[in-house]
Amino acid sequence: MRLKLLVASAAAAVVMSTAPALADLVFPSLSYRTGPYAPNGIPFADGYADYFTLINERDGGIEGQKITLLECETGYNTEKGVECYESTKGQGALLYQPLSTGITYQLIPKATADGIPVHSMGYGRTSAANGKVFPWIFNYPGTYWDAASIIVKHILDEEGGDLNGKKIALVYHNSAYGKEPIRTLEELAAKHGYELSLYPVDHPGQEQKATWLQIRRDQPNYVLMWGWGVMNQVAIQEAANIRYPMDHFIGVWWSASENDVLPAGDGADGYKAIAFHGVGSDFPLFDDIQKYVIDAGKAAGDGSHLGEVLYNRGVYAAMLAVEAARTAMKLHDTTDITPAMMRDGMEALVLDNARMAELGIPDFGPEINVTCSNHGGPGLGAISQWDASSKTWSLVTDFMGADREVVDPLIMEDSAAYAQEAGIEPVACGS
Amino acid sequence: MNPEFLYFIETVLNGLMAGVMYSLVALGFALIFKASGIFNFAQGVMALFAALTLVGLQTGQVPFAHLINAIFGTQIHHFGWELPAIIAIVGTLGVMVAFAYLFEGLVLKHLVNQEPIILFMATIGLAYFLEGFGDLMWGANIKAMDVGIPSGGSFWWEDVTRTWAPEDSGYFGMYIDKLDVVAAIVALVLVSALVAFSQYTKFGRALRAVADDHQAALSVGISLRTIWVVVWSIAGFVALVAGIMWGAKSGVQFSLSLIALKALPVLILGGFTSIPGAIVGGLIIGVGEKLAELYIGPLVGGAIENWFAYVVALVFLLFRPQGLFGERIIERV
């Protein structure tokens with residue numbers, strides 16, 4: 001009897017030590033700290049965790065409510081990502097940030113059915129920006145189609161507004177993610193008169209010689225890249241090898257971290273990429289992270305990634321989650337929010353420059369105003385450029401808007417097709 | 001010459017060079033299989049581990065720093081010195097020999113005379129262990145490989161070949177990566193040395209005897225354990241060479257272990273037991289996939305070079321299962 005009691009007590013203790021306290025705000029983190037994509041997964045996961053830790057340590061939580069982070073290793077594997085979702089959703093999960101387009105695609109129907117919001121920030125299914133069809137999915141502050149359009153806009157600026165007869169190449173990861181911008185680039189090619197050529201690269205992208213021989217032969221005026229992992233590093237190295245002008249080589253925001261450019265050394269100098277948030281650590285918020293989290297020994301990692309692009313992205317994602325939770329609390333007049341309330345908070349999120357300054361990240365990103373019908377946010381992006389000598393990224397343009405005339409109809413078309421296929425009745429929005 | 005024909009030659013040339021890079025990985029597989037009948041699933045991870053160790057030693061990184069800091073609350077990451085490349089390479093070689101010694105002592109010696117599938121399973125375990133161990137020891141960051149090997153397109157070759165096409169054709173010369181040329185020279189030296197070692201030394205003959213029959217080799221006084229340590233050490237050295245070359249292309253990162261996938265069609269084509277076969281197989285695969293990507297790829301949407309290599313290997317398998325240079329399979333009843 002005593003033994004049974006002991007075992008039961010031990011089991012209860014184990015359960016209680018792993019489960020979040022009842023009133024905590026639970027944010028799962030589907031991270032990947034192992035496997036081939038770990039170099040990208042680690043800084044994001046560190047940034048995501050460190051911001052929540054900062055809110056707990058400095059502010060005592062969100063409006064006094066402590067945050068619990070449930071980290072689950074996906075290895076950037078879609079099946080494992082779904083397992084992580086299934087194993088954490090019952091623990092009061094308020095929001096999922098899947099950090100993988102593949103996992104996001106799997107979670108869209110599941111999370112919709114379970115009533116838990118998903119924030120695929122700058123990735124995932126672009127047409128999820130249509131909140132009428134995807135009420136539980138958010139991809140603000142920008143989508144892949146916004147990114148493609150903004151890059152073309154930047155090229156237009158560089159070329160004096162005329163792209164007639166120019167050649168633009170897209171080197172892309174041969175997956176659902178890599179293929180996302182093709183339709184937009186085709187539409188923009190029809191509008192601006194440039195010739196689009198496509199160069200798919202199979203996973204993992206360790207060998208791209210044939211692709212770059214073709215690019216060397218075809219001599220496109222600009223090369224765009226939708227890559228991930230080792231594909232990015234090899235592409236940048238190969239572009240440097242064939243002496244392609246790096247300031248005419250522009251990557252999406254997932255081809256734009258320090259990891260991607262450092263292996264190519266000086267050859268990567270001048271490489272450009274689109275960004276939807278600020279770069280570097282010269283913001284008051286990062287001083288607080290250093291003081292309350294890293295110096296206090298509470299950082300998720302070793303603190304060495306602070307200010308890196310992907311660390312900043314993790315911080316930005318967590319900050320948007322916290323602000324949405326705060327909005328939800330005000331909206332529903334309670335600090336004990338549910339996933340449905342969190343969704344409402346995300347849909348009512350307004351983040352202006354004044355609020356960003358208050359948070360210690362002035363002008364870190366574009367102003368955001370999410371609505372019931374627009375879950376994609378403002379769709380703004382700036383162009384960043386790599387300086388190999390100082391090993392830093394810097395924003396070389398202001399935040400620019402996408403060509404809404406082209407992007408919005410594509411979103412409507414794709415989301416309508418999804419709604420029909422999945423038998424979804426679009427929700428009615430006030431505006 | 002017609003620029004189109006020159007592009008064709010350029011593709012073939014670059015295919016040959018890419019093939020050499022595949023061969024460097026395939027060599028490690030062939031070496032272990034030839035000497036011990038084990039298909040070493042961990043060869044790609046060994047290349048990764050060797051490259052991580054080399055960069056770690058070169059840059060003065062403290063091994064297991066993350067673990068040490070987590071346990072003792074310290075903040076140490078670097079020793080504060082940098083080693084010349086050659087010393088770091090010798091140091092890494094020492095680590096790979098120590099690894100071979102440990103693997104033999106802890107795993108292989110307990111599996112003498114076991115079925116090949118059991119030994120194969122052991123190497124799968126080794127692959128996963130070594131990947132995690134490498135991560136723990138050196139961290140998961142992407143590291144630049146800089147051992148002084150030149151890389152990038154050769155200006156000289158471009159200038160020479162530019163004159164081969166008519167002046168008004170706009171032809172801008174042929175591309176060849178200096179790193180690939182270095183890799184080809186290294187591979188040539190490596191294969192010559194390995195073939196000489198295998199064919200003309202007493203130790204080489206002992207290696208082949210062990211591959212034929214463990215028990216029979218033991219009965220004539222060949223020390224199986226010594227042979228295994230030596231062959232795994234040599235495979236470690238080949239892995240280091242492959243790790244350096246591939247690491248210089250993409251940076252040293254965990255994707256490096258996936259280069260093993262590039263070696264499989266090469267082995268099927270060249271034969272699992274042949275060192276020259278690994279080279280010839282690599283060249284055929286390299287040229288085949290590059291030509292396919294350039295000429296067939298655009299017709300079918302591109303990105304075919306990965307699977308095309310396996311199709312070539314599969315077709316070859318149907319007609320010559322032992323590979324180009326593999327030993328003929330004869331079963332007597």
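1. Read along the sequence, chain B runs α-α-α-α-α-α-α-α-α-α-α-α-α, that is, 13 helices and zero strands. Here helices are DSSP runs of H or I with at least four residues, strands are runs of E with at least two, and both are numbered from the N terminus. Please keep in mind that this is a predicted model, where local features need pLDDT of at least 70, side-chain atom pairs count only at pLDDT 80 or more, and totals for chains, interfaces and linings use all residues. Residues are numbered from 1 along each chain as its sequence is written, while chains are lettered from A and ligands numbered from 1 in the order in which they are written.

2. On overall dimensions, the C-alpha trace of chain B spans about 70 × 65 × 40 Å along its principal axes. Of the 333 residues in chain B, 47% count as buried; the cut-offs, with C-beta atoms placed from the backbone, are 20 or more other C-beta atoms within 10 Å for buried, 12 or fewer for exposed, and partly exposed in between.

3. Contacts in chain B are also worth a look. With a contact defined as two C-beta atoms, placed from the backbone, within 7 Å, residues 24 or more positions apart account for 76% of the chain B contacts with a separation of 6 or more.

4. Helix α8 (residues 202-212) of chain B packs against helix α10 (residues 224-250) of chain B at an angle of about 105°, with the axes 10 Å apart. The axes are lines fitted to C-alpha atoms, for helices over the stretch in contact, and angles run from 0 to 180 degrees between N-to-C directions. The two helices, α8(B) and α10(B), are therefore roughly perpendicular to each other (under 35 degrees is roughly parallel, over 145 roughly antiparallel, 65 to 115 roughly perpendicular, and the rest oblique). F203(B), A206(B), L207(B) and V210(B) of α8(B) meet L224(B), I227(B), V230(B) and V231(B) of α10(B). By class, this contact of α8(B) with α10(B) has eight nonpolar, no polar and no charged residues; Ala, Val, Leu, Ile, Met, Phe, Trp, Tyr, Cys and Pro count as nonpolar, Asp, Glu, Lys and Arg as charged, and the others, Gly among them, as polar.

5. Turning to chain A, the secondary structure comes to 15 helices and 14 strands. The radius of gyration of chain A is 22 Å, close to the 22 Å that the globule rule gives for 431 residues, so chain A is as compact as a globular protein of that length. Its C-alpha atoms fill a box of roughly 80 × 50 × 45 Å along the principal axes. Buried residues make up 56% of the 431 residues in chain A.

6. Chain A is divided into domain 1 (20-142 + 280-379 + 414-422) and domain 2 (144-275), with bounds from an automatic or database domain assignment. The centres of these two domains of chain A, taken over C-alpha atoms, are separated by 28 Å. In chain A, 15 residues of domain 1 are in contact with 16 residues of domain 2. On the domain 1 side, α2 (38-59), α4 (101-114) and α12 (309-332) of chain A each supply at least two residues, and α4(A) gives the most, with three. The residues of that side divide into seven nonpolar, seven polar and one charged.

7. Between the chains, the contact takes 35 residues from chain A and 34 residues from chain B. The chain A side draws two or more residues from each of α2, β6 (195-201), α8 (209-218) and α9 (230-241) of chain A. By class, that side has 17 nonpolar, 11 polar and seven charged residues.

8. Finally, some backbone details to check. Most residues other than glycine have a negative phi, and most peptide bonds are trans. A cis peptide bond joins Y140(A) and P141(A), with omega about 10°, and another joins H203(A) and P204(A), with omega about 0°. P204(A) is in the loop between β6 and α8 of chain A. R243(A), not a glycine, has a positive phi of about 60° and counts as partly exposed, with 14 C-beta neighbours inside 10 Å. K391(A), also not a glycine, has a positive phi of about 55° and counts as exposed, with 12 such neighbours.

Note on methods
Rg over C-alpha atoms; globule rule 2.2 N^0.38 Å.
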